[in-house]
Amino acid sequence: MAQKAAKQQAARNTSILKRTHLISLAVNAFFILLRLLVFRASSTRSTYLFYGLLSAPAVTIEFWFERIGRPVFAASGELKKSGEDLEAKGLTEYMWDVLYWTWGCTVVATVFGDKAWWAYIVVPFYSIWLAWTTFGGMKQGMLGMTGGGDTEGPTNGPTSNRQKKMEKKGGQKMQYR
């Protein structure tokens, strides 16, 4: 049964990597062809410098995905390693976001010119926001584990009729975390 899951993971990773490489090829070919053929007059050295500099993260991420996600087969055709899950949450998800944003910025810069590369400034701000919310969530989780996060008494939320009757009889008062 585990071999079946590994084969499914390998097939899924192979299709994801193939799709990623084809999209990347299309986006980069679109930029180069339109800049060389249609927008030749507005293409300067800085255009290609921005393109190379700001496409580097996407190329790096794509090579990283290729390295960790590509399944490895033995000479006999047997699956040796299915590769890491390319649909995982966390850092992998963030890398997909950067890859998609880079492709979008490349297409927009192809059509609208060099000033569109300023849209790439969103990536560092997104990184800061993501780190801040992740740290904030961990901080709340740690405070909840130690018991120091909730300084209030029992919650004053709605109570059921059963709880009211128990309290009226002098029975045990319900407390919830």
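Reader: Why is the pairing of Glu 87 with Arg 12 called a salt bridge?

Author: Happy to explain, and do keep in mind that this is a predicted model. The closest N and O atoms of Glu 87 and Arg 12 are 3.6 Å apart. The rule asks for a side-chain nitrogen of Lys or Arg within 4 Å of a carboxyl oxygen of Asp or Glu, so the pair qualifies. By this rule the count comes to three salt bridges.

Reader: What makes Glu 87 and Arg 12 a link between distant parts of the chain?

Author: They are 75 residues apart: Arg 12 sits in helix 1, while Glu 87 lies in the loop between strand 2 (79-81) and helix 3.

Reader: How do you know that the contact of helix 2 with helix 3 has no charged residues?

Author: The axes of these two helices come within 9 Å and cross at roughly 145°. Among the contact residues are Tyr 51, Leu 54 and Ser 55 of helix 2, and Thr 92, Met 95 and Trp 96 of helix 3. Only Asp, Glu, Lys and Arg count as charged; by class, the contact has 10 nonpolar and four polar residues, and no charged ones.

Reader: Which helix gives the most to the nonpolar patch?

Author: Helix 1 (residues 2-38), with five residues. The patch, which includes Leu 37 and Tyr 48, has about 560 Å² of accessible area together.

Note on methods. Residues are numbered from 1 along each chain as its sequence is written. This is a predicted model: local features need pLDDT of at least 70, side-chain atom pairs count only at pLDDT 80 or more; totals for chains, interfaces and linings use all residues. Side-chain values use heavy atoms; hydrogens and water are left out. Axes are lines fitted to C-alpha atoms, for helices over the stretch in contact, and angles run from 0 to 180 degrees between N-to-C directions. Helices (H or I, at least four residues) and strands (E, at least two) are DSSP runs, numbered from the N terminus. Contact means heavy atoms within 4.5 Å. Patches are made of residues with over 30% relative accessible area and no salt bridge: like charges are joined within 9 Å, nonpolar side chains (Val, Leu, Ile, Met, Phe, Trp, Tyr) within 5 Å. Accessible areas come from the Shrake-Rupley method with a 1.4 Å probe; for residues, only the protein chains shown count as cover.
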